[in-house]
Amino acid sequence: MKSVTRIQDSLHRFFDGDIWYSFKKSKVTVVAACVTAVFMLAAFAAPLIAPHTPFDPGTIDLMDASTPPAWFEDGTTKFLLGTDDQGRDIFSTILYGSRISIFVGFASMLLAMIIGITLGLVSGYIGGAVEASIMRIADVQISFPAILIALLINGVAQTLLPGERHDELAVWVLILAIGVSNWVHFARTVRGSTLVEKNKEYVQAARVIGRRRATIMFRHILPNVMGPVLVIATIGLAIAILTEATLSFLGVGIPPTKPSLGTLIRIGQDFLFAGEWWIVIFPGIALAVLILAVNLLGDWLRDALNPKLR
Amino acid sequence: MIALIIRRIFQSFIVMLTVALVAFTLFRYVGDPVSQMVGQETSIADMERMREELGLNDPVIVQFARFAWNTLQGKFGISYRLGRPVNELFVERLPATLELSLIAALFSLVVGIPMGVYTGLYPDRVLSKVFQAVSLIGISLPTFLIGILLILFFGVLLGWLPTFGRGEVVQIGWWSTGLLTVSGLKAIIMPAFTLGMFQLTLIMRLIRSEMMEVLRTDYIKFARARGLTNRAVNFGHALKNTLVPVITITGLQIGSIIAFAIITETVFQWPGMGLLFLQAIQFADIPVMSTYLILIAFFFVVINLIVDILYHVVDPRLRFDKAVAAG
């Protein structure tokens with residue numbers, strides 16, 4: 001019972017609070033949230049709503065290859081947005097592809113968040129040599145662009161794993177590569193806030209009653225440093241999706257048998273000169289809209305949580 | 001100040017050593033160097049002899065020392081895929097990447113700073129909203145998509161600009177430049193725009209937010225109260241104070257421009273270092289990979305060092321903060 005009223009309480013506080021108010025007031029943010037939600041739903045329900053199953057070679061007919069979108073003379077309503085060079089329906093492939101993109105984006109962002117929060121809390125709370133060495137590593141890593149680090153991790157994995165194994169594991173390798181290359185922002189922010197929080201009275205009180213260090217860090221300090229973490233996580237999600245798309249476009253990400261949005265654009269680029277622009281443009285629009293929506297959400301969240309800007 | 005520089009140089013040295021260690025680990029343990037170099041029908045005895053000749057049976061420390069020494073002398077080994085010395089390959093491709101990066105950086109500064117100042121000064125005007133929208137699109141559109149769209153419109157549909165390569169190049173000593181021929185200049189427009197777009201939005205947004213913050217400070221109000229002209233306040237007082245972070249970010253961004261060039265070079269088949277690196281990844285060409293890593297790390301470390309020192313020279317508050325924190 002107690003937990004139910006607690007949830008009700010926090011829900012009340014949320015809907016009466018400033019954040020919900022500023023959300024309702026900003027039309028752009030509401031639209032962005034809707035777009036993001038539609039994307040997530042569509043990606044989640046891809047097997048149900050997609051007219052074709054592009055990942056199943058049995059349903060693909062090479063005779064359908066390179067059909068233009070339905071509103072062109074040669075197009076058919078069977079393939080709304082046309083087909084690619086293998087006869088895969090672009091619309092269905094986009095649905096399935098966004099699914100991979102969003103999954104990889106979320107998973108790698110979560111990985112980065114877990115690594116970053118843990119290292120940030122530990123270095124902020126414990127300090128000393130631990131802090132110095134973690135932050136030094138962070139300094140070194142942040143001076144290299146994340147995409148380069150992800151490329152490198154991916155390259156090593158590709159060298160170590162034989163071809164077929166790599167195609168199977170590509171999704172996980174990507175998640176690892178993108179996650180590891182993006183933890184620094186989380187760690188720095190969390191460390192900064194932890195340094196402030198750890199001298200407050202509630203932490204001292206927790207220490208006095210003999211709570212363990214890990215408990216103090218994760219149960220007491222963590223909830224109080226989550227605000228900025230949420231902002232970074234939202235923007236981090238956009239960055240992770242972007243990085244996945246870029247790596248796939250460069251040909252070191254998701255293999256073309258089960259393409260993500262980036263892979264689809266890579267495939268389509270070869271057919272640009274043949275005038276088959278739809279293989280590139282529609283996945284491109286989907287990717288750009290998705291990233292834009294998530295970015296807008298992140299921007300709004302940052303402003304809403306930062307009272308200085310109000 | 002001198003202590004700071006020495007400490008920074010020492011740190012840079014540590015970073016380079018770490019990167020060299022990673023590169024060495026790649027070089028030595030990811031894939032077997034000997035089996036990469038020889039054909040299939042080489043006997044095991046021959047391979048063992050080669051192993052001995054190359055010093056691969058020596059203690060790891062000795063091997064690493066040799067690797068570091070060779071790297072310092074510019075001997076980066078031989079590319080597995082192309083069978084040519086790696087440093088030759090990089091010298092050939094360095095000018096292409098540096099020219100592209102430089103033009104892109106210039107473009108982003110020359111266009112980004114005025115846009116940022118304007119949107120910071122007049123946040124409510126229509127043009128500012130347009131700039132803001134453009135910058136949001138610039139951040140959300142992936143670099144490669146911008147490149148592809150440009151190719152589609154100006155290359156395929158309109159046929160105005162070349163869609164791949166550097167055009168004609170002129171050789172000046174070992175440096176090959178595309179900036180002296182018409183076709184070279186035409187070829188660099190789209191890649192430089194693509195590469196500079198992200199930096200442009202970054203610089204614009206940074207200047208905008210810094211300007212808005214600075215304009216709220218007391219010394220700007222005081223300057224206005226003194227009756228200084230708008231121009232003097234906006235540019236003499238406000239813009240000048242926003243430039244410190246801009247210098248830092250721009251400096252650091254030069255490094256990431258060189259790294260992001262990988263993407264642009266792939267889209268436009270620009271014959272630079274990034275394309276070489278990407279091909280090396282796809283073919284597990286470890287010497288090229290580790291050389292690129294070391295080279296990029298070197299660029300970054302040098303730029304970071306310069307920016308750090310500049311930062312301390314320009315902003316006296318930093319020195320003061322350090323002293324307080326230490327005491």
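**Notebook: a predicted two-chain model**

I began with helix H4 of chain B, residues 60-72, in this predicted model. H4(B) has 13 residues, and I get 18 Å from its first C-alpha to its last, close to the 18 Å expected at 1.5 Å a residue.

**Chain B as a whole**

I count 13 helices and two strands in chain B. Its C-alpha trace spans about 85 × 65 × 35 Å along the principal axes. Of the 327 residues in chain B, 37% count as buried. I also looked at how far apart in sequence the contacts reach: among those in chain B between residues at least 6 apart, 71% join residues at least 24 apart.

I checked confidence before going on. Chain B has a mean pLDDT of 79, with 91% of its residues at 70 or more.

**Where A meets B**

Then I turned to the contact between the chains. I find 32 residues from chain A and 30 residues from chain B in it. On the chain A side, the elements giving two or more residues are helix H7 (146-160), helix H12 (226-250), helix H13 (261-269) and H14, each of chain A. Which of them gives the most? That is H7(A), with nine residues. By type, I sort the chain A side that touches chain B into 23 nonpolar, nine polar and no charged residues.

**The nonpolar core**

My last stop was the largest nonpolar core, which holds 155 residues. The members touching the most others are A:Leu174, A:Phe186, A:Ile241, B:Leu100, B:Phe277 and B:Ile296. Helix H14 of chain A (residues 278-305) supplies the largest share of this core, 17 residues. I took a closer look at A:Leu174 and set aside its neighbours within four places in sequence. A:Leu174 is then in contact with A:Val104, A:Asn154, A:Glu244, A:Leu247, A:Gly253 and A:Ile254.

Definitions and conventions: Residues are numbered from 1 along each chain as its sequence is written. Chains are lettered from A and ligands numbered from 1 in the order in which they are written. This is a predicted model: local features need pLDDT of at least 70, side-chain atom pairs count only at pLDDT 80 or more; totals for chains, interfaces and linings use all residues. A nonpolar core is a set of buried Ala, Val, Leu, Ile, Met, Phe, Trp, Tyr and Cys residues joined through C-beta atoms within 7 Å. A residue is buried if 20 or more other C-beta atoms lie within 10 Å of its own, exposed if 12 or fewer, and partly exposed in between; C-beta atoms are placed from the backbone. Helices (H or I, at least four residues) and strands (E, at least two) are DSSP runs, numbered from the N terminus. Two residues are in contact if their C-beta atoms, placed from the backbone, lie within 7 Å. Ala, Val, Leu, Ile, Met, Phe, Trp, Tyr, Cys and Pro count as nonpolar, Asp, Glu, Lys and Arg as charged, and the others, Gly among them, as polar. The expected span of a helix is 1.5 Å times one less than its number of residues. pLDDT is the predictor's confidence in each residue, from 0 to 100.
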